[in-house]
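Me: I am new to this structure and would like a close look at a single part of it. Please take your time and connect what you say.

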Amino acid sequence: MHDFCFTIPYGLILIGGGIVGFAKKGSTASLAGGVGTGLLLVSAGYLSLKAFEKKKNSYFAIVIETVCAALLTAVMAQRYMETSKIMPAGIVAGISALMTGFYLYKIATGGNQIPTKAE
């Protein structure tokens with residue numbers, strides 16, 4: 001599975017979560033953090049998709065994705081430890097931890113597997 005297949009939906013979920021957090025609680029931190037990180041991830045996923053279409057890997061995109069997911073894991077896990085609230089801190093920390101593991105796997109295995117041309 002390619003990184004952009006998970007990154008774009010992951011980023012869209014974060015954008016949606018930031019908007020919902022702002023709408024329900026008026027939290028500008030949720031809006032800025034969710035939408036900002038989500039847009040960065042969607043952009044990195046798009047960059048990776050475009051590189052894949054050119055039969056290349058975008059290690060730059062995978063590194064951005066990994067850093068975003070790792071930072072979200074750390075921040076939201078800390079917030080979960082302080083509040084013990086599963087929603088949203090625990091959920092976002094869990095999803096981000098899974099995504100960090102996936103991105104590290106992609107880095108370790110050489111990025112997206114580019115199909116070879118059959119002749």
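In which helix is Ile86 found?

Reply: Ile86 is found in helix H4, where helices (H or I, at least four residues) and strands (E, at least two) are DSSP runs, numbered from the N terminus. Before going further, please note that this is a predicted model, in which local features need pLDDT of at least 70, side-chain atom pairs count only at pLDDT 80 or more, and totals for chains, interfaces and linings use all residues. Residues are numbered from 1 along each chain as its sequence is written, and side-chain values use heavy atoms, with hydrogens and water left out.

Ile86 itself is exposed, with a relative accessible area of 53%, since buried means under 20% relative accessible area, exposed over 50%, and partly exposed in between, with a 1.4 Å probe and protein chains only. Together with Tyr80, Met81, Met87, Ile91 and Ile95, Ile86 forms a nonpolar patch on the surface, and these residues have about 610 Å² of accessible area together. Such patches are made of residues with over 30% relative accessible area and no salt bridge, like charges being joined within 9 Å and nonpolar side chains (Val, Leu, Ile, Met, Phe, Trp, Tyr) within 5 Å; a salt bridge, in turn, is a side-chain nitrogen of Lys or Arg within 4 Å of a carboxyl oxygen of Asp or Glu. The accessible areas come from the Shrake-Rupley method with a 1.4 Å probe, and for residues only the protein chains shown count as cover.

Two helices share in this patch: helix H3, which covers 59–83, and helix H4, which covers 86–108, each supply at least two of its residues. The largest share, 4 residues, comes from H4.

The backbone in this part also deserves a careful look. Most residues other than glycine have a negative phi, and most peptide bonds are trans. In the loop between H3 and H4 lies Ser84, whose phi is near 60°, a positive value in a residue other than glycine. Ser84 is exposed as well, with a relative accessible area of 56%. Further along, the peptide bond from Met87, one of the patch residues, to Pro88 is cis, with omega near 0°, and Pro88 is found in helix H4. The picture of this part therefore joins an exposed Ile86, a nonpolar patch supplied by H3 and H4, and a cis peptide bond from Met87 to Pro88.
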